[in-house]
Amino acid sequence: MSYRENALIIKTSCLAEGIYEMWLKTDKMAGEAVPGQFISVYSNDGARLLPRPISICRIDKDNLRIVYRVAGKGTEEFSKMKEGEYVNIQGPLGNGYDIKSIMEYVKNVTGNDCADTELKAILFGGGIGVPPMLELAKQLECKKQAVLGYRNSQMFLKDEFEQFADVYVATEDGSAGTKGNVLDAVRENNLTADVIFACGPTPMLRAIKEYAVSNNIACFASLEEKMACGIGACLACVCQSTDIDDHSKVKNKRVCKEGPVFNVKEVEL
């Protein structure tokens, strides 16, 4: 169930160039949210009618944390908001990571009827796809390896991931970790996994899907897509699926509703 409310801002800060965080006190959302979901954040400017979808980074009792990149006037407005102010939000929205079901699926696929703690996962985060993987890293009970991709040495959230997982870094300019992309870091560090979780730009997800399929690894990806309504009504954020969608009756799925988290076998990237 999703809710609409004016949430109290309890903390804001800049984590890196153009990257900001906001902690929000919510009455009901935090208790309902799961990793991989997002919230819609509304502007106080009446000229900007559509909300900005921002993934949930952390869930803490009755608080939610979002981390976002300033990409336009809406997110620029959010970056200037201060502690003690209120912002109108709706959520939690979308299909997140159902950890219990995913782990059962992985065991069925691998034929390995073991405890969750014996399974090994790789969590890929690229750019602004890094934040939504943090709560997942916190909640997973398996052996966790986080592979984080950045443009340069401004590695926001890396220290927090280290509380929950073994962390490996790839940077485009080679200023930290492996020079290259996240799969270059996998190869350089000889990483293996029973299941992969990923969030990031489509080219990265496409490469990870190819890697997962070729190595017979279960893979669940959170897609990044421009959204309008955020609740599945407008069909602005559809992606091509491998089967016929019950809603549209064609091979499309709504990223905001059926996603953003998908088994990569369900979608074309």
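Predicted model: local features only at pLDDT ≥ 70, side-chain atom pairs only at ≥ 80, totals over all residues.
Residues are numbered from 1 along each chain as its sequence is written, and side-chain values use heavy atoms, with hydrogens and water left out.

The overall fold comes next. The chain has seven helices and 15 strands; helices (H or I, at least four residues) and strands (E, at least two) are DSSP runs, numbered from the N terminus. With a radius of gyration of 18 Å, close to the 18 Å that the globule rule gives for 269 residues, the chain is as compact as a globular protein of that length. Here the radius is taken over C-alpha atoms, and the globule rule is 2.2 Å times the number of residues to the power 0.38. Along the principal axes, the C-alpha atoms fill a box of roughly 50 × 45 × 30 Å. Of the 269 residues, 51% count as buried, where buried means under 20% relative accessible area, exposed over 50%, and partly exposed in between (1.4 Å probe, protein chains only). Among contacts (heavy atoms within 4.5 Å) between residues at least 6 apart in sequence, 60% join residues at least 24 apart.

Turning to the annotated regions, UniProt places the feature "domain: FAD-binding FR-type" (unreviewed entry) at residues 2-99. UniProt positions are given in the numbering used here, feature names are shortened, and annotations may be inferred rather than shown by experiment. The span of residues 2-99 is 12% helix and 50% strand, and its end C-alpha atoms lie 20 Å apart. A "binding site" feature (unreviewed entry) is placed by UniProt at Arg-52, Pro-53, Ile-54, Ser-55, Val-67, Tyr-68, Arg-69, Gly-74 and Thr-75. From this set, the lining of the largest pocket takes in Arg-52, Pro-53, Ile-54, Ser-55, Val-67, Tyr-68, Arg-69 and Thr-75. On a 1 Å grid over the protein atoms alone, a pocket is an open set of points where a 1.4 Å probe fits, with protein on both sides within 12 Å along at least five of seven lines, and lining residues have an atom within 4 Å of a point.

Two of these residues can be followed further. Ile-54 is found in strand β4 (residues 52-60) and, at 5% relative accessibility, counts as buried. Not counting residues up to four places away in sequence, Ile-54 touches Phe-38, Ile-39, Val-41, Ile-66, Val-67, Tyr-68 and Phe-78. Pro-132 in turn is one of the buried residues of α4, along with Met-133, Leu-134, Glu-135, Leu-136 and Ala-137. Six of the eight residues of helix α4 (residues 132-139) are buried, so this helix is largely enclosed by the rest of the structure.

A further "binding site" entry (unreviewed) in UniProt lists Cys-229, Cys-234, Cys-237 and Cys-256. Cys-234 has its place in the loop between β12 (218-222) and β13 (238-240), and is partly exposed, with a relative accessible area of 37%.

The structure holds six aromatic pairs. Rings of Phe, Tyr and Trp (its six-membered ring) pair if their centres lie within 6.5 Å; planes under 30 degrees apart count as stacked, over 60 as edge-to-face and the rest as tilted. The rings of Tyr-150 and Phe-156 have centres 5.4 Å apart and planes at 80°, so this pair is edge-to-face. Tyr-150 is buried at 4% relative accessible area, and Phe-156 is buried at 7%.

Val-261, in strand β15 (residues 261-263), is buried with a relative accessible area of 5%. Leaving out residues up to four places away in sequence, Val-261 touches Gly-36, Asn-95, Gly-96, Tyr-97, Phe-220, Ala-221 and Ser-222. Val-182 lies in helix α6 (residues 182-188) and is buried, with a relative accessible area of 4%. Apart from its neighbours within four places in sequence, Val-182 is in contact with Phe-124, Gly-125, Val-147, Leu-148, Gly-149, Ala-170, Met-204 and Ile-208.
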